[in-house]
Amino acid sequence: MELTTTVNDEARVVEVDGTESVVDVVRDGLGLTGTKLVCGSGVCGACTVLVDGEPVLGCLTPATRLRDADVTTVEGLADGDDLHPVQRAFAHHDGLQCGYCTPGFVVSAVAFDDRWRAEHGADEPDGPDRETIAGALAGHLCRCGSYEGIYRAVAAACRGEHDRAPDGQAVERVECVERVEAPAKLTGAAVYTTDVVLPGMLHAAIRRSDLAAGVVGPITFPDGVLGMDVLGDDRRVRWAGQPVAVVAAESAAAARQAARELAVPFTPQPFVLDPDEARRPGAPLVYATRADRKEAPTASEGAPMPAPWDGNVHGPSRAPFLGTVAKRRIRSARSEGRRGLVDLEFHTAAQLHTAFEPHACVADWSDPQYLRVWLSTQGVGAMRLEIADHFDLDPTRVEVVAEHVGGGFGAKLGLTMEAVAAISLSRLSRRPVRLVLDRHEELTGTGNRPGSRSRVSLLVDDDTQAIRALTVDTDSHAGVAVGNSVAALALLVYDRTPRLARDVDVVTNAPPGAPFRGPGGPTIAWALEQTVDEAAHRFGRDPIELRAQWDGNQKRQALYRWASALPTWQARPATGSQTGRHRRGVGFAAANWMYFVDPDCEVVVSVQGGRLVASTAVQDMGTGSRTVLARAVAGVFGVAPTAVDVRLGHAHSGATHGPASGGSRTTVSLWSTAVEAATSLRARIGTDLAGAPDGTSATAKRGGDRGLRAVPVTMNGIQVGRGFSAAVHVSEVEVDTRTGRTRVLRVHGGIAVGRIHAPVLARSQCEGSVIQGVGLALYENQVLDPHTGLTLTANLEDYRIPQLGDTPEIDIHFHEEGWDRVPGGGVGLGEVATISPAASVGNAIFNATGWRPLTLPVRPDRLLEGLRAGGAR
C-alpha cells in the first residue's frame, strides 16, 4: 500500500506491506541512513526520529504511524551547512566517538532542548543538571562511553551557548569542532558499511547451529537458493551459534527466511560448558585430535604460545623470573602461617565487545578481475592482504573500504565469517552481496573478553613490606579459543622479585573469545590490584604508598603523587568503619601496558586544489585518526585542522600503508609520520598553498622508534618499544547494603603516555575506558543456556551495559613527561586507560563494606550474600 508522509519538510510517498517498522522505511525506503538500527528491541535509542515533534523508536514503531505525519530525521536538523545548536554543542564538547549511536542521541536531545527552553527559558542559566539530562535521554546507549561529553553538550545547548547570534551568525561555528568528522556524524552524512547499497545487490544471511556440539551432514540447497556450506571438510560444530551455511536472496527478509528454513542434517554430540567440568576425566573433548587442536582459534592478537594439551586443557605456558625461588618462599610462608602471605582466588565473567555497528560486509566481485569490499574493520590494509591471501588473489586486484567504523574494541581485527561469506557469494553470483549481522548474532559469536579464574599468592616481608615472592595461576575460559596471556602480565609490574606466572586455557563448547582492549589487562588487574590492596590493608599501609614503595616506573610514581593529593583519596573512610544502609568507599588501582608502534606506517601529504590533503590506508573507528592527521599537518603549516582534507579508509594498490586500530599503536604511528611528511612538503613549497603546483606531495615512513636506546622487538609487523605506559584510577562508590546496588559516584584517572596530540579526544577515550570498566565491574555478564549452549544474553536488554545514568563524574589528568625519546613525544592510551577502572571499583567496595568482591560482575545478589556470610569486617 502507498503511504504519504512529510520527511524533513519534503512530501514523500513510500510503498509498505504493513510489516515494516519506521526504521525500515527511513533507511531502506527513503535512503536516510543517518538513522541507525542497533538493538532492534527499543533499548538503545539509535533509531530515534521525530514524528510530529515527538521522539519515537524507529525499530518498535510500525511504519503505518508515518501516514500523514511530519517526520524529522537527523538529516533534517541542520539548516544547510549550518548545524542545529544541539549539533554544534555535540561537536564543540565532543559528545561522540564512533558516531553510530550519535544521530539517535542528537534527535532526542533536540526534542529535550525544545522542551527545556519552553519550560525554563532563560530563568535557569545553569541549564539542566546531570540527573535531568540522564532522565531525558534514558533510552539511549553509547558503547564507546561518550556520556561525559554528551552531558556537557546537552547542558551547554540548553543554556543557549551554541545559539545563533542576533545577526543570524552562529555563536559557535562549524569550524570550532574538536573532531574533524563530527559534522558528518552529527548530520547522518557519515557512511558506515551498514549504509552501503549497490545496484543489483543480493542480501545474505547465515544459518547457525542451535546446539553446542554435533556433526553436520551434507547440506542440500533448494532449487533457486544461492548458498554455500561453510564447514568444509571438518563437519564438527563446537559451539551454539557457529555458522554452518550461508544463503543469499533478493532481500534481507527473504535471505533470513531461507536460512531459517534450510534443512541441516545434524547429529548431536555431548558437550561441556562449565570449565570445571571440562577439566574432569571423561569430559567431552572439544578438540579430539592433534589436527583439530591446530585449528583452534586464538583469543589473543597473535598466535598462541606453544603449550601442551591434556584433554580440554591447553597449557600451562610459564613466564618465570626466579620461579623456583618464588614457589619455595610461598610454600614456606604458607606452612608458617605468615601474615604477609596473601592468598586469594578471583573470577571474572566473559565481557562482550558489543560494538554498535555490527560486523558487516558488502562485497562486489561482479568484475572477475577486481574485488571491492566494504568492511567494518579495524584494519583496512591488513584485511586487504588477508582477503587476497584467503582467495589466492594478487593484492593489486583487491580493494577494502571502511569510511567510518562504528566501534570494534578488538573484535574486528581479523578476517571473519561475514566477509568470507559475502565475498564467496559475490564470486558465485557475479553480483554485489551484502551481509550484516543482527544484534543476536553480534552478541553471540563475534568474540568476548574471556572469563577467568586467577589464584594469586603475594608474599610481603612482615617488617619492611617489601615484596618477597609472587605467583599467579590463571585459567582462561575463551570457549573454543586458546592463547590467553593473563598471568604473564603480572611479571611486568612492581619489584623484580622472584615470581612465576602460569597461564592455562580451559576450552569448552562456548563461543570463542577475541582480543578486547588491553587483552588480559583488566583481568589481571582485577586480581593483582585487589591482592595488593589486601596486603596494604593487613599492614595498615596506605595502598598508594605501598605501591610507590614497590614500583620503579617513574611515570607511575608521578601519578601516585597526584592521586595521593586528591581530596577524594585523602578523605576516604577507614575500611569497614561505616554502618547504616548507604556506605561510601574509595578504591585505588594501577595499570601498566606495553608500547607498540607500526614501523611501516606511511603518510602522504599533498596540495590539491590549493588545499592540504593527508592520506594513508588507516581506518577511524571513533578513536580520532582523522583528527590526529589533520592536527599534525595543520600544526606544521599553521592552519586550522579543518583546512586539511584527510583521506583514509581505503586500502588499494596505490594506497600507503596505515596501522591497524589495535594495540594502542594508531595515533603514535600516525602523528610523527604525518608531521615528517608535512615538514618535508613545507620545505619544498613554503606556506603559500595557493601558489603550490597541484599534486605536489611528500611521503614519510615512520621507520620504527628511532629514539630508543636499545634495539626494539618487532613481531607480526608491529614493533614493541622499550618502556611502559602507566595509568591509575581512584574510584568513589556508594553501596546500598539493603538492595546490594553499587553506584560509582566519581572516578579520577591519571594517564602517563607522554604528549597528548588531541587532548579533547584523548580525554574522551579515557572517559570511555572508565565507562567500560564500570560495566565490567558491575553489570556485564555473558550467560549461556546449559541445555543447548545458546547465548541467553543476546540482546541489549539482557546484556546490560552502562547507561547515561550510570556515569560517574570523571576527572582525567594527563602526565605528559617521560617519553621525549619517542618520535612525537607520546605513546598510545586506548588500552592502558581501560585496565585499572574495574579493579579500583572492587577496592572501593571493600573500603566501603569490609567485604572484598572476588567475582565480577559485582551483582547485587553477590554483594548481599557476601555481607550476610560475614565477609564484612
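Q: What makes β25 (residues 602-608) and β29 partners in this predicted model?
A: Happy to walk through it: five bridges join β25 to β29. Pairing takes at least two bridges between two strands, so β25 and β29 count as a pair. The two strands run antiparallel. On the residue level, Glu602 has Lys701 in β29 as its bridge partner.

Q: Why are β27 (644-647) and β29 (697-701) said to stand at the edges of their sheet?
A: The sheet is open and has four strands in the order β27-β26-β25-β29, with mixed pairing. Each of β27 and β29 has a single partner strand, so one side of each lacks a neighbour in the sheet. From one strand to the next, the twist averages 20°.

Q: Which helix lies across β25, β26 (611-615) and β27, and at what angle does the helix run to β27?
A: That is α18 (residues 625-637), which runs at about 145° to β27.

Q: How do you know how many disulfides to count here?
A: A disulfide needs two cysteine sulfur atoms within 2.5 Å, and by that rule the count is zero. Take Cys44: its nearest cysteine sulfur belongs to Cys39 and is 3.7 Å away, and Cys44 is in no disulfide. For Cys98, the closest cysteine sulfur is that of Cys144, at 3.7 Å, which is too far for a bond.

Q: Which residues of α1 are buried, and what covers them?
A: In α1, Val22, Val23, Val25, Val26 and Arg27 are buried. Their cover includes β2 (10-15), β3 (48-51) and β19. Just after α1 comes Gly31, with a positive phi of about 70°.

Q: What makes up the lining of the second largest pocket?
A: This pocket holds about 1500 Å³ of space. A total of 44 residues line it, and Ala252, Arg256, Val436, Leu437 and Asp438 are the closest to its centre. At least two lining residues each come from α1 (22-29), β6 (202-208), α7 (252-261), β19 (433-436) and α13 (439-445). The largest share is that of β6, with six residues.

Conventions. Residues numbered from 1 in each chain as written. Predicted model: local features only at pLDDT ≥ 70, side-chain atom pairs only at ≥ 80, totals over all residues. Heavy atoms only, no water. Axes fitted to C-alpha atoms, helices over the stretch in contact; angles between N-to-C directions. Contact = heavy atoms within 4.5 Å. 1 Å grid on protein atoms, 1.4 Å probe; cavity = no way out; pocket = protein on both sides within 12 Å on 5 of 7 lines; lining within 4 Å. Points joined across faces, edges and corners; volume = space filled by probe spheres on them. Buried < 20%, exposed > 50% of the residue type's maximum accessible area, 1.4 Å probe, protein only.
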